Amino acid sequence: MLFTSNKSRPQTPSGGPRLQLPLLPLRDVVVFPHMVVPLFVGREKSIKALEHAMTLDKSIFLCTQKEAKVDEPQEQDIHTTGTIGVVLQLLRLPDGTVKALVEGRNRGRIDSFISTQDFFYVEVESMVEPEENTLETEALVRSLNSTFEAYAKINKKIPAEVIATVASNKNPSQLCDAMISHLSLKLEDRQTLLSLVSPIARMETLYELMRSEIEVLQIEQRIKNRVKKQMEKTQKEYYLNEQMRAIQKEMGDTDDIKNEINELEERAKKRRLTKEAHEKLRHEIKKLKMMSPMSAEATVVRNYIDWILALPWHEKTRSNLNIERAEKILDEDHFGLEKPKERILEYLAVQSLVKRNKGPILCLVGPPGVGKTSLARSIARALGRNFVRLSLGGVRDEAEIRGHRRTYIGAMPGKIIQSLKKAKTSNPVFCLDEVDKMSTDFRGDPSAALLEVLDPEQNCRFGDHYLDLDYDLSEVMFITTANSLHTIPGPLKDRMEIIRIPGYTEDEKLNIAKNFLIKKQVTANGLSPERVDLSDAAVLTAIRRYTSEAGVRGLEREIASICRKLARELVRSNDQGSSTKLKVSGKNIGQYLGIPKFRYGKAEEEDEVGLVTGLAWTEVGGEILTTEVLVMPGKGNLILTGKLGDVMKESARAALSYVRSISVKLGLDPDFYRKQDIHIHLPEGAIPKDGPSAGITLVTGLVSALTRRKARRDVAMTGEVTLRGRVLPIGGLKEKVMAAHRGELKTLIIPQENEKDLKEIPDRILKAFTILCVKQVDEVLLNALVIDPEAPLFLPAPSEARELPEPIIVSPAVNPAVDNPGLDA
C-alpha cells in the first residue's frame, strides 16, 4: 500500500456537501483517506460502477461489506460509513477482471441509495473533521508515535523509512490513517476507526488497539523463543546420546553401566542400613536401571545413592569408659576448667552403668581464647571417639543445617549429615562452633532448624531435606561453643546444658604458659627446651603489661615473639651447638617485646578526699576502677563523665538520693545539693563502663567529698546499694578479688550475700586480704573512710562489720549479670 503526500485538501463547509456517486462494495479491506490501494474487481456491478466513475470526474464511494462471503450484497449488507475516493488508473485483464488503483480522499456517510439496478448509485454526505489543536491532541500524537515505534521494533516487518514518514505527519487525522494501514487489526476494528470523525477519539482508540497488539506480539515472541530453545536442547541431547551409544557400541563399553549398577546392588546388600533406608535405596537403584546413563536425572539419582551408602548408619566407636584415664587426658590438655571436666566424667560414669544413654548437649560459654573448641577436641580424645567440628558463624540459610530438597540443581545434604559422613561413625563428638553468631534472612532461620538437632527427644528421627529419611543423632555428643548467651534464641538455649568458662586468672595463665605454651612455641621455633629459660616474672610481666584478654591467645603470640627473637640471636651468634642458657627475665623482657602496651592497676599512693577504689569485671578479667568525686559551688547539678552506661548512671542517682536522706546524720546541711554541683568521674573515659555493682563505691566517694574526710587508699569495694542503704550482691567476685590482689590492696569490702562465693578463690589469695562482708552502707563508710576518733562519722554509730579471716576455697565463679565489652563496675 502507498501513501499520497500529507498536504490536506480544503475542508468542506460545516455539515459537508452531499454528493451522488457510484458505490464500490469492498470485501476484507477498508480504504482510509490519503491511502492509495490497488483493487482487483470481478463482480459485474462493481465493474460497471468503476466504468461509470471514469466517465464522470473519476470520483467513487468505497465502502466495506459486512460479510465478505456475500457475492450479491444488498443495501443492508454494506456499512454506511466509507471513503470518498478517486480512480487513478483502470486496467482490464485478460480474464475479464479489472485492476483499479484508487486513492481515498475523505470520509463519507451514505444518506440514501438512488439506484441499485446496474450498480449501486448513492447519495453521500461528506464528513467534516473538527479542528482539535489542544494540549491533549499534542500528547496523544507523541504517545502514538512512540507506541508505533515500539510496535515496529517488535513486528520487524515495517521499514525504518516508513516509521520516519509516518512520524513526519503533523495532522493528527492523517497520522492515524497512515498508521492504521501498517497494523494487523481486525476488519471490525478498522471499520470502527473509519467511523470515528473526531481525531481525538480516533487517536485514543488507535492507542488502545496498538498497546493490545504489542502485548500479543510480545507473548508470541516469548512462546517462539521458548519453543526454539526446547527444540534445540532436545535435538542436541538426542544427537549426543546417539553418538555416545555408537561410540560405546564400537568400544564394547555397554556392559560397564550394568556392572556399575550391579556393584551398587552388592554394596546395598552388605551395608547395614535402617529398614526405611533399604526400601528407599532399592527403589532408587531400580529407577536408575530404567534411565539413560547420559540423562541429567541419572546423575542426580546416582549421587543420592552414593550419599545413602556413604553415611554411617550403625557404625560406632566404642567409648573409653575408664574414668581415671579420661581424667588424666583432660588434665594433660587443659589446666583448670574443673566444671566441664567434672560433667564429662559424670557422663562416663553413667555410660558405664547403663547400656544406652543419650548423648549430652553441652554449651561452653566464655570469652575468646579460653579453650572452648580445644576442650571439645580433648573430650573426644578422652572418650576415644572421632571428632568433627562445624563452624556456624555467619550461617544464615536453613538449608545449611537441613539440606536442600532434591528438586534443586546441585542439591546437597545439610552440614550435619556432611559432617557425619566425614566422621565415619554415628556417635562422634560433634562441636558446633560459634552457635551465637548465626543470622537470619529470607532463606530461613538456621537456629530454628537446630532445635531438632539439639533436642534429645527429637534428634533420634532427624529429617534432612535431601535424604528424605530419618537419621538417628541421639548417640552423637553435641558440644556447642559461644562467646555470649544473649544472642542465642531462648528455645535453643533451653535445649542445652550451659557451662560457663570464665577468663583465666593470672595464676592460671602462668600455669598454662609454663605447662603448655612455652614448650609449644620453643619447639615450633626450632629451639631446644633445655636452653630457653623464660622466668615466671617474665611471663607475669607479659600477662600484665603486654596482654589484656580473658584467654591466652595474645599471651601465646607474645611468647612466640620472644622465641623468634631468641632464635634470631642464636643464628646471628652462630652458637647453635653451645649449651649456654637463653634467659628472659622480668627486667629484660622489654628488649624482646618492646614498650608495654597496657597499664597495670595499682593502689593509690596516699589517702585523698573523694578518691575511692572500686572493682570492675571485664571479659578479660578484673580491673581496679578508681572513682573520683568533686564538690564545687553551683546550682545542684549532678555531672557524670567517663562514658558510663545507663545502669551506672542510675546507680549514681540512687547513691546521691541515699546521701541526701542521711545528710542530717552526717552533719550536712539538708539543702547542700541546692548550692553545690557534684561531679563524678571514672578515668579512662574511652572505655565503656556499666553494670550493677558500683553503688557503695559511689556512696563512699560522695560522703568523702561532702564531709571532707579522706578515703583509705588500701581499701577496695564492690556492691550495689538501694535507696534504703542495703548492700546488694554482685557477680564476678573472683575476677575482682584477683584485680585487688594485683593492685596490692589490703582490705576488701563485699556484700554479705557474696560470702559464699569466697570458696571459689584460692586460699593463698584470700590470706593477703582483710575481707569485710557488709549488709548496710553505714558499715562501708565506717571502714572505708579515715575517721578521727574525736569526730565520729555517725551518731550513734552502727555495728561494726564482720571480718572473715580464712574463707574457704571453692571452684571458679562467673558473672551472670553483665556481658559487656567494656567494664562492669
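Glutamate 346 has a relative accessibility of 39% and therefore counts as partly exposed (buried is under 20% relative accessible area, exposed over 50%, partly exposed in between, with a 1.4 Å probe and protein chains only). In this predicted model, local features require pLDDT of at least 70 and side-chain atom pairs pLDDT 80 or more, whereas totals for chains, interfaces and linings use all residues. Residues are numbered from 1 along each chain as its sequence is written, and side-chain values use heavy atoms, without hydrogens and water.

Glutamate 346 lies in helix 11 (helices are DSSP runs of H or I with at least four residues, strands runs of E with at least two, numbered from the N terminus). Together with Glu324, Glu327, Glu338 and Glu342, Glu346 makes up a surface patch of negative charge (patch residues have over 30% relative accessible area and no salt bridge, like charges being joined within 9 Å and nonpolar side chains within 5 Å; a salt bridge is a side-chain nitrogen of Lys or Arg within 4 Å of a carboxyl oxygen of Asp or Glu). Helix 11 (338-353) and helix 10 (323-333) each contribute at least two residues, and the largest share, three residues, belongs to helix 11.

Six aromatic pairs are present (ring centres within 6.5 Å; planes under 30 degrees apart are stacked, over 60 edge-to-face, the rest tilted). The phenylalanine 119 and tyrosine 121 pair is edge-to-face because the planes stand at 75°, with the centres 6.2 Å apart. Phenylalanine 119 and tyrosine 121 are both buried. A tilted pair joins phenylalanine 430 and phenylalanine 478, at 5.4 Å centre to centre and 35° between the planes.

Methods:
Accessible areas come from the Shrake-Rupley method with a 1.4 Å probe; for residues, only the protein chains shown count as cover. Lys and Arg count as positive and Asp and Glu as negative; His and the chain ends are not counted. The place of a charge is taken as NZ of Lys, CZ of Arg, CG of Asp or CD of Glu.
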